[in-house]
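Trainee: Could you take a close look at one part of this model with me? I would like to see how it sits among its surroundings.

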Amino acid sequence: MNGLNESVVSEFMLLGLASSWETKVFLMLIFSLIYLGIILGNLFIVFLVIFDSHLHSPMYFLLANLSLIDVGLSSTTVPKMITDLLNEYKIISFQSCMTQICFIHIMGGVEMVLLIAMAFDRYTAICKPLRYLNIMNPKICVSFVIAGWVIGVIHAMSQFAFIINLPFCGPNKVDSFYCDFPRIIKLACTDGAKFEFIIAANSGFMSMGTFFLLILSYIFILVTVWKRSSGDLSKAFVTLSAHITVVVLFFTPCMFLYVWPFPTSSIDKYLFIVDFAITPVLNPAIYTLRNKDIKISIKRLSKWGHYVKFC
């Protein structure tokens with residue numbers, strides 16, 4: 001931690017998303033509504049899964065954990081982004097910046113593992129339905145979640161260990177609304193080429209590898225169903241469409257930032273709005289509007305609410 005103490009830079013200035021006052025007010029209102037939707041929508045899913053015994057299954061256990069991670073991931077950046085829209089000087093301390101980076105990568109790593117677990121769950125349910133409950137037993141489900149947190153922490157700390165000791169002695173303007181490794185490395189008073197390679201090798205490989213693994217798994221599921229059902233893919237595709245949508249939305253910004261050469265434009269910060277705000281607010285809608293069990297659970301909850309009201 002000596003690098004932390006020796007750095008001359010004690011804070012960073014975030015340049016944010018917009019310059020005009022009207023645009024800032026508009027974005028503040030929009031993102032405030034989106035963040036409210038993220039909190040209410042995802043916590044509602046968690047509430048349903050916990051209190052409705054009909055949803056005590058592997059798929060919904062993983063979905064509830066995904067919802068919690070979405071709340072955590074968006075909470076690392078969106079609240080500060082909203083408050084910064086009204087501030088002329090968007091300051092974040094060095095310690096807060098490093099903490100934000102760590103939590104972003106920990107949560108991101110957990111989400112990637114959960115998406116893999118959900119793909120495996122769908123593969124087992126569709127391709128091996130008779131063995132589904134034996135394979136996706138509670139122990140396996142909990143192991144997926146624990147593995148996600150372990151991988152997330154290792155993923156974040158393996159990069160953080162290199163970055164924390166970089167000397168920051170001059171520039172402190174970050175052309176974004178949040179801190180992340182690529183932008184911070186650009187500000188270091190040293191040649192950051194090898195550190196850029198480390199980040200690309202770690203985050204880039206993890207993002208691209210997980211994305212292609214998921215896409216291949218969905219293709220394998222569809223091919224298996226196609227062979228078994230004489231070409232009728234409609235039911236399987238409806239089941240997987242929500243998962244595929246989430247995967248594409250989540251991984252596109254990650255691959256753009258970490259797989260491509262380090263960005264020289266500011267387009268990546270707008271892309272990451274998808275990961276921090278759009279995907280977390282869409283997940284509840286995607287999984288509830290297209291899911292019969294969730295719809296039935298909501299109706300059951302509504303009937304129970306009417307019953308309590310009239311009692």
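Trainee: How many of the 34 residues of H5 are buried, and is H5 largely enclosed by the rest of the structure or left open?

Mentor: Happy to. Keep in mind that this is a predicted model. Of the 34 residues of H5, 25 are buried, so the helix is largely enclosed by the rest of the structure. Buried here means under 20% relative accessible area.

Let's start with the geometry. Helix H5 covers residues 94-127, and at 1.5 Å a residue its 34 residues should span 50 Å. The C-alpha atoms at its ends lie 49 Å apart, which agrees with that expectation.

Next, the neighbours. Strand E1 (residues 11-14) pairs with E3 in the parallel sense over 2 bridges. In that pairing, Met13 has Lys173 in E3 as its bridge partner.

Now the charged side chains. A search of the whole structure finds 3 salt bridges. One of them joins Asp121 and Arg122, with the closest N and O atoms 2.7 Å apart. Both Asp121 and Arg122 are buried, and their numbers place them within the 94-127 range of H5.

For context, look at the other pairs. Lys80 and Asp84 meet through their side chains in a salt bridge at 3.2 Å, N to O. These two residues both lie in helix H4 (residues 78-84), 4 residues apart, about one turn of the helix. An α-helix has 3.6 residues a turn, so residues three or four places apart point the same way. Lys80 counts as partly exposed because its relative accessibility is 22%, whereas Asp84, at 6%, counts as buried.

The side chains of Asp52 and Arg300 also form a salt bridge, at 2.6 Å from N to O. This pair links distant parts of the chain, 248 residues apart: Asp52 is in the loop between helix H2 (21-51) and helix H3 (58-75), and Arg300 is in helix H12 (residues 292-310). Asp52 has 8% relative accessibility and therefore counts as buried, while Arg300, at 32%, counts as partly exposed.

How values were computed:
Residues are numbered from 1 along each chain as its sequence is written. This is a predicted model: local features need pLDDT of at least 70, side-chain atom pairs count only at pLDDT 80 or more; totals for chains, interfaces and linings use all residues. Side-chain values use heavy atoms; hydrogens and water are left out. The expected span of a helix is 1.5 Å times one less than its number of residues. Buried means under 20% relative accessible area, exposed over 50%, partly exposed in between (1.4 Å probe, protein chains only). A salt bridge is a side-chain nitrogen of Lys or Arg within 4 Å of a carboxyl oxygen of Asp or Glu. Two strands pair if DSSP finds at least two bridges between them.
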